[in-house]
Amino acid sequence: RKENESNGIYLHNGLYSCFVPEWDKKFGDNFMVVLLEEYKSSPTKVLMEIFDFLEVSKPDEEELKSFLATSKVQNSRSHRDQATRNQFDMYQETRLLLEDFYRPFNENLASYFNNEAFLFGYSNP
């Protein structure tokens, strides 16, 4: 096992702003960033944007909606039954610590992409 996996700490997973400048140098306009929150709220719209970005033919929008409705891949954390989900609820103090930790990285992303969605509506420090 990797050292960081032994204790379940995955803080590095959200540090995208550390990698984006290198991806930008390597790929230029040939990479696209999609926020999970945007995909979850408008999957059809986001998928159509991805098809446009990739310059591939798009499926019929109604067929895509039907496909999405019948073949949802569930996020294991968001679809637990309520009793199980409650045992994994985060303490508010922990949430605030994580927001403080990720805030500068997310501010860098927001600035880099000129998109405040990367700020995730964090509380003020």
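Okay, quick definition before we start: a nonpolar patch here joins nonpolar side chains within 5 Å, taken from residues with over 30% relative accessible area and no salt bridge. Keep that in mind for the surface of this one, which is a predicted model.

So, the patch. Met32, Val34, Phe53, Leu54 and Val56 make a nonpolar surface patch of about 380 Å². Let's look at Met32. You'll find Met32 in the loop between helix 1 (20–27) and helix 2 (36–41).

Now let's go inside. The largest nonpolar core has six residues: Val20, Phe31, Leu35, Leu109, Ala110 and Phe118. Take Val20 from that set. Leaving out residues up to four places away in sequence, Val20 touches Phe31, Leu109, Tyr112 and Phe113.

Another one to click on is Thr44, which sits in helix 3, residues 43–54. Is Thr44 buried or exposed? Buried: the relative accessible area of Thr44 is 11%, and the cut-off for buried is under 20%. And what does Thr44 touch, again not counting residues up to four places away in sequence? That would be Glu61, Leu64, Lys65 and Leu68.

Last bit, confidence. The chain has a mean pLDDT of 83, with 78% of its residues at 70 or more. Helix 3, where Thr44 sits, has the highest confidence, at 95. The lowest is helix 5, residues 82–87, at a mean of 56.

Key
Residues numbered from 1 in each chain as written. Predicted model: local features only at pLDDT ≥ 70, side-chain atom pairs only at ≥ 80, totals over all residues. Heavy atoms only, no water. Core = buried A, V, L, I, M, F, W, Y, C linked by side-chain atoms within 4.5 Å. Buried < 20%, exposed > 50% of the residue type's maximum accessible area, 1.4 Å probe, protein only. Contact = heavy atoms within 4.5 Å. Helix = DSSP H or I, 4+ residues; strand = E, 2+ residues; numbered from the N terminus. Patch = residues over 30% accessible without salt bridge, like charges linked within 9 Å, V, L, I, M, F, W, Y side chains within 5 Å. Areas by Shrake-Rupley, 256 points an atom, 1.4 Å probe, with all protein chains shown as cover. Salt bridge = Lys/Arg side-chain N within 4 Å of Asp/Glu carboxyl O. pLDDT = per-residue confidence, 0-100.
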